[in-house]
Amino acid sequence: MRIGMPLSYSGGFKETVGRIREYEAVGVDVLFVPEAYSYDAVSLLGYLAASTERITIASSILNVYSRTPALIAMTAAGLDYVSEGRFMLGIGASGPQVVEGFHGVPYRAPLGRALEVTQICRTLWRREALEHDGEHFQLPLGPERGGSGLGKPLKIINRPVRERIPIMLGGIGDRAVAMAAEHFEAWQPMFFLPEVADPVFGPHLRKGSARRDPALGPLDVIAQSYLAVVETEEEEKAALRQVREHLALYIGGMGARGKNFYTTLVSRFGFADEATRVQELYLAGRREEAIDAVPEALARGLSLIGNPDRLGERIHAFSRAGVTTLNLRSVAPGHTRQVHDYAIVRKLAD
């Protein structure tokens, strides 16, 4: 099983990168750089490419609305070049609050757009002239869709390092899960609870996998989780508190009432009443109460928090549920402790 870690876009990025060789040395395999309404992920990924030697760098995720498909493809090819073939392109839909609120673009047909972006990327990386007549994108743009008629099919000038850069789809809806299993090299849900993953995700993974091109290879299932090796009840309580804070933000605040994908997912995990309560409290501005309302069973189930024996049990649970990469957000205090924890989990996951 591969071990990954996310890098913050909101603070501490340069400090972490300054010590990144230590994470490489203890066996971290993938660095994931998120993008929200923040610094763009691409600049940070380029910085990472120059600061690392072995580790895979991945966008997690670039939304499919704020950049054209060709620009996404060019960007991925450029990052793959400067990292010498160590880039993974993570794409997804984001949500209407960000896409419409921050970028001013209509949030329409997220899955259709994601699939066409993928098709266009792979065409560009093969250095074929870009010709695409889809429902959402037309290359070249013709007069019937508002073009001048002067566009011509072009191919990328540079020769990409790889004609098949791995693409990861971020998604949690049924159709997104099936599409990832059919068309993408990797899939990353926001939350993954191993004990209920099969009834929630399994039917759609199997549906997509039945139509999967063998040339894609096995699907890399990337589960986000939380990491802390603890020795005392006090340390465990502090770590779980951080997990609850993060979960409360997503369940309660990452979406409107009645239109929060994460609230819906946690409900499907078996915590419907609790998810509704967390959202009500969070949207009412009662954030400490919302954090306290996050079920401990959920926080523990999504996490690798405990002594090494407990971590080993959770790694096996994720593995049995089909996970091939763990994207672990450290909730341990301080850099030295975090490096220590990644070293332990790397050995346990071998």
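Tutor: Let's begin with handedness: a crossing is left-handed if the near helix is turned anticlockwise from the far one by less than a right angle, and right-handed if clockwise. The model is predicted, so local features need pLDDT of at least 70 and side-chain atom pairs count only at pLDDT 80 or more, while totals for chains, interfaces and linings use all residues. Residues are numbered from 1 along each chain as its sequence is written, and side-chain values use heavy atoms, with hydrogens and water left out.

The part I would pick is the packing of helix H4 (residues 69–82) on helix H6 (residues 110–125), whose axes come within 9 Å and cross at roughly 50°. H4 is therefore oblique to H6 (under 35 degrees would be roughly parallel, over 145 roughly antiparallel, 65 to 115 roughly perpendicular, and the rest is oblique). The axes are lines fitted to C-alpha atoms, for helices over the stretch in contact, with angles from 0 to 180 degrees between N-to-C directions. Helices (H or I, at least four residues) and strands (E, at least two) are DSSP runs numbered from the N terminus. The crossing of H4 and H6 is right-handed.

From H4 come Pro 69, Ala 70, Ile 72, Ala 73, Met 74, Ala 76 and Ala 77, and they meet Val 117, Ile 120, Cys 121, Leu 124 and Trp 125 of H6 (contact means heavy atoms within 4.5 Å). The residues of this contact divide into 12 nonpolar, no polar and no charged (Ala, Val, Leu, Ile, Met, Phe, Trp, Tyr, Cys and Pro are nonpolar, Asp, Glu, Lys and Arg charged, and the others, Gly among them, polar).

Trp 125 counts as buried because its relative accessibility is 2% (buried is under 20% relative accessible area, exposed over 50%, partly exposed in between, with a 1.4 Å probe and protein chains only). Leaving aside residues up to four places away in sequence, its contacts include Ala 73, Ala 76 and Ala 77, along with Leu 89, Pro 160 and Ile 167.

Ile 167 leads us to strand E8 (residues 167–170), which is covered on both faces: Ile 167 and Leu 169 on one side, and Met 168 and Gly 170 on the other, are all buried. Strand E5 (residues 87–92) pairs with E8 in the parallel sense over 4 bridges (pairing takes at least two DSSP bridges), and Gly 92 stands opposite Gly 170. E8 also pairs in the parallel sense with strand E9 (residues 186–188), over 3 bridges, where Met 168 faces Ala 186.

Finally, look at the loops on either side of H6. Most residues other than glycine have a negative phi, and most peptide bonds are trans. Ala 109, in the loop between helix H5 (96–99) and H6, has a positive phi near 45° and is partly exposed, with a relative accessible area of 34%. Arg 127 sits in the loop between H6 and strand E6 (132–133), and its phi is positive too, at about 60°. Further along, the peptide bond from Leu 139 to Pro 140 is cis, with omega near -10°; Pro 140 belongs to the loop between strand E7 (138–139) and E8.
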